Amino acid sequence: MKLNNLTIKKTREGLTNKQFSSTEVVNNCLEQIKKHDLNAFITVCEKESLEQAKQADELIKSGQNLPLLGVPIAAKDIFSTKGIRTTASSKVLENYIPEYDATVITKLKEAGAIIIGKTNCDAWAHGSSGENSDFGPTKNPWNEEYVPGGSSSGSAVSVAANMTIAATGTDTGGSIRLPASFTNTVGLKPTYGRVSRYGIIAMASSLDTIGHFTKTVEDSAIFLNVTAGQDKKDATTPLQAVPNYEKVLTGNIKGLKIGVPKEFFIEGLDKRIKENIENAIKFYEENGAEIQEISLPHTDDAIACYYIIQPAEVSSNLSRYDGIRFGNLRDSFGQEAKRRIMLGTFTLSVGYYDAYYKKAMKVRTLILEDYEKAFQKVDAIITPTSPTLPWKLGEKVDDPLAMYLSDVFTVTANIAGIPGLSVPTGFIEGLPVGMQILGPHFSENQLFRIGHFYEQAHDFYKRAPYES
Amino acid sequence: MNHRVIIGLEVHVELKTKSKMFCGCSADYFGSKPNSHTCPVCLGLPGALPIPSQQAIEWCVQIGQALNCNIPLFSKFDRKNYFYPDLAKGYQISQYDEPFCLRGNIDINGKKFGITRVHMEEDTGKLSHEGDSSLIDFNRSGVPLVEIVTEPDFGNAIDVKAYLQKLQQIVRYLGVSDADMEKGQMRLEPNISVSLDVNSKDLPKYKVEVKNINSFGFVEKAINFEIERQLEILKTGKLPAQETRGWDEGKNATVSQRAKEEANDYRYFPEPDIPPIRWTKEKIDELKSSLPMLPDEAVEKATALNIKVVDAIRISESVQVFSTFMGTAPIAAQHGITAQGVANYIINNKKMDVSGTTPAELVTEIVKLNKNEDVNENELRSVVQKILSDNPQIREDFIKGKNSVIQFAIGQVMYVIKKKIDINIVRKLILEELK
């Protein structure tokens with residue numbers, strides 16, 4: 001049995017039933033990491049993870065039961081990990097070793113998880129393909145000539161290629177959902193503030209959300225049970241009750257109202273993807289859901305709005321990297337970071353602030369209102385996650401605007417702060433496709449229920465690259 | 001007068017909260033080992049986030065309330081972006097267009113001066129230079145700082161000094177800051193300009209900001225120096241440069257530090273890591289009603305006890321002295337000592353540091369002091385005779401009808417005798433000897 005192919009659920013069952021040990025699971029993952037050179041990891045914590053597996057095995061033997069006990073998890077390399085180098089995939093932080101753990105890392109460790117390594121990503125999470133990493137691009141395991149999507153490229157690939165059981169990610173404009181749809185994994189972008197940002201290297205603070213990649217929707221729910229909740233170290237996490245997300249996977253969607261926004265099914269959307277997603281919607285309809293066409297009229301303005309707010313915050317958030325106390329000097333920033341620092345510095349400057357930033361904030365309110373109106377009519381919205389299939393490595397690197405547009409279906413959720421779940425819906429020409437399920441603030445339970453229902457009937461997660 | 005002076009003030013006050021503005025580190029850093037009061041938040045490490053201190057925010061609002069400010073129900077923090085080695089994050093968390101307190105006023109020397117705004121921000125680290133290297137101490141990084149900005153309502157250094165003294169007194173009465181200038185807990189920045197157009201109400205097209213002043217006396221000197229310096233320039237028909245200057249104690253002069261042309265564009269924008277602050281009217285009212293007694297009220301209470309206004313002001317300079325005074329007055333009354341007598345004792349005996357002295361002890365001291373010591377009349381008479389022969393002027397003035405000279409003679413006698421004796425006896429003896 002290939003233990004690295006397991007889900008969180010199955011790993012925990014096997015460990016509890018003493019079918020195998022955590023050490024065996026970790027070893028299988030480490031072997032897989034070595035076997036396929038996809039550049040998914042920047043740091044593999046081989047020694048540490050085996051030590052932790054050993055400890056987990058002891059605890060399991062003594063009857064301990066924790067939600068992630070003995071389960072290897074990979075962390076995007078912008079999650080601070082105490083004593084383990086955290087680079088943000090940038091040369092600036094090439095040698096930076098945090099003195100503290102991000103809240104999510106602490107929670108994962110407390111739940112018994114083993115941090116198997118730190119995954120590659122676009123530097124500072126700036127990008128949609130993974131190619132902006134200063135440590136080289138990550139390859140898509142379904143076809144190594146293609147991008148896996150970004151910015152959480154390594155996390156998506158590590159899960160898709162069974163190098164770990166699950167992985168953390170961050171999503172500021174689509175950085176979890178897009179790579180999830182490109183790699184046949186489940187990617188959750190929670191509601192803004194649902195999961196603490198403390199200790200995670202900030203990209204754009206008002207848009208950053210902390211989520212994860214899993215093989216199944218059920219695993220995504222198990223994972224969120226561990227990471228969600230108010231954190232006294234993050235003032236933007238509200239005191240909002242955390243339901244047991246696993247318990248909502250009822251397999252029942254009768255009477256559910258699902259909205260299909262007409263603005264997402266337009267020219268530029270790959271016809272094959274359109275058909276794929278329409279089939280998924282039809283599946284829900286056939287099983288008792290009520291489908292409604294809806295309108296999100298400000299969708300067109302989202303990318304422009306996003307590319308003003310986001311670089312503005314980026315320019316400020318990257319100011320602390322002055323090379324005085326830690327890290328390398330600012331000339332070590334890559335092209336994309338420099339571009340965003342300049343864009344953001346410009347839009348915040350005296351005389352331009354009102355025309356750009358302030359106006360973008362007004363558009364932001366309009367986009368939020370679009371969703372609020374829509375959710376008065378429907379319980380959830382289904383769209384394609386990406387308008388295109390994964391593209392070839394290098395195809396868009398010289399065209400930043402084309403790259404920015406790949407987030408067109410995902411950014412609105414970040415602008416509005418609502419949750420989104422990308423669920424695999426099959427393959428086109430051997431490349432994965434995903435649908436995006438959106439819901440009102442703090443409706444993750446609903447998204448899981450909807451995603452899980454589809455997954456039960458379409459088990460794409462059972463497919464693994466290199467094995468078909 | 002052929003010119004008009006326009007002065008506005010920016011004053012920074014460090015709050016004495018237990019913890020820093022945005023983290024749990026102790027804010028009581030003075031004299032501590034460098035970088036011993038730090039954590040990921042105040043060091044600006046990657047991923048760290050600010051958690052605002054409720055205490056600091058409420059104290060900032062109370063300072064505003066003590067200055068009669070309007071407290072908007074919506075407020076927010078902003079980022080002020082600039083690079084400096086002592087600024088850990090590359091931005092300072094401050095408040096830009098929606099501060100906690102707006103449009104207040106304060107009475108100084110019988111005049112009303114406008115308070116533009118009172119806002120909350122964080123302090124920076126501290127740089128020190130040793131030989132070729134520079135060192136940064138982040139102990140001060142993130143200490144809560146309140147900035148109080150006035151309207152350009154001041155026309156002279158005297159009113160400015162009185163304002164600063166009163167502001168210091170107010171924050172001390174509120175118990176929110178020790179405002180010790182030696183420790184950098186209160187920092188003063190006057191903005192000064194001069195106009196030769198005395199009839200116009202317009203502000204001049206330039207202003208000079210003077211920074212790094214650490215005493216009220218230096219503010220006064222710096223302002224007077226600037227008025228003269230700017231007048232000289234204006235008289236030649238030129239406009240003084242808009243710039244930041246510093247007070248140089250050694251030179252007793254202001255020196256140019258930075259021309260405004262090079263000034264930063266701070267690229268303010270709303271701090272995304274801290275949700276906006278929404279007050280309820282009830283909460284604002286509650287903060288207002290929990291304001292402790294303020295200096296003006298203390299002066300009123302003291303004058304109500306029939307003491308001279310000038311003494312009431314002296315006695316109210318510190319809340320500790322005032323409360324001892326108020327506690328002592330009723331006990332003293334039982335011993336036939338007036339409130340004025342208590343005030344006199346505290347002021348004349350430099351008993352301004354009354355900490356550790358209870359009202360009862362103070363009364364005992366006053367009673368003891370008021371009790372006249374017995375003195376041999378012959379001994380006293382010989383002292384009087386000696387004083388009169390040593391100072392023939394006394395007799396001459398007395399003959400000319402200058403009765404006030406008697407008071408001088410009494411003082412001389414009291415000085416020599418060095419005892420607390422009944423001055424009526426001294427007066428009687430002097431008059432006898434003069435006749």
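**Exercise 1. Determine how many residues of chain B are in contact with chain A, and classify them.**

Solution. Step 1: 23 residues of chain B are in contact with 29 residues of chain A, where contact requires C-beta atoms, placed from the backbone, to lie within 7 Å. Step 2: the side of chain B that touches chain A comprises 14 nonpolar, 4 polar and 5 charged residues. In this classification Ala, Val, Leu, Ile, Met, Phe, Trp, Tyr, Cys and Pro are nonpolar, Asp, Glu, Lys and Arg are charged, and the others, Gly among them, are polar.

The model is predicted: local features need pLDDT of at least 70, side-chain atom pairs count only at pLDDT 80 or more, and totals for chains, interfaces and linings use all residues. Residues are numbered from 1 along each chain as its sequence is written, while chains are lettered from A and ligands numbered from 1 in the order in which they are written.

**Exercise 2. State the strand order of the open sheet of 11 strands in chain A, and identify which strands stand at the edges.**

Solution. Step 1: the order is β1-β3-β2-β4-β6-β5-β10-β11-β9-β7-β8 in chain A, and the pairing is mixed. Strands (E, at least two residues) and helices (H or I, at least four residues) are DSSP runs numbered from the N terminus, and two strands pair if DSSP finds at least two bridges between them. Step 2: β1 (41–44) and β8 (290–294) of chain A each have a single partner strand, so one side of each lacks a neighbour in the sheet. Step 3: neighbouring strands of this sheet are turned by 30° against each other on average, direction ignored. Step 4: within chain A, β7 (residues 257–261) and β9 (residues 380–384) pair in the parallel sense over 2 bridges; A:Gly259 has A:Ile381 in β9(A) as its bridge partner.

**Exercise 3. Describe how helices α7 and α14 of chain A lie relative to the strands.**

Solution. Step 1: α7 (residues 217–227) of chain A lies across β4 (166–171), β5 (186–189), β6 (209–214) and β10 (420–428) of chain A, and runs at about 140° to β6(A). Step 2: α14 (residues 444–457) of chain A packs on the sheet, touching β5, β9, β10 and β11 (431–438) of chain A, with its direction at about 15° to that of β10(A). Axes are lines fitted to C-alpha atoms, for helices over the stretch in contact, and angles run from 0 to 180 degrees between N-to-C directions.

**Exercise 4. Decide whether A:Lys18 and B:Arg267 are buried or exposed.**

Solution. Step 1: A:Lys18 is found in the loop between α1 (8–16) and α2 (22–35) of chain A, and B:Arg267 in the loop between β13 (253–259) and β14 (269–270) of chain B. Step 2: phi is near 60° for A:Lys18, a positive value in a residue other than glycine; for B:Arg267, also not glycine, the positive phi is near 45°. Step 3: a residue is buried if 20 or more other C-beta atoms lie within 10 Å of its own, exposed if 12 or fewer, and partly exposed in between, with C-beta atoms placed from the backbone. Step 4: A:Lys18 has 10 other C-beta atoms within 10 Å and is therefore exposed, whereas B:Arg267 has 24 and is therefore buried.

Definitions and conventions: Contact = placed C-beta atoms within 7 Å.
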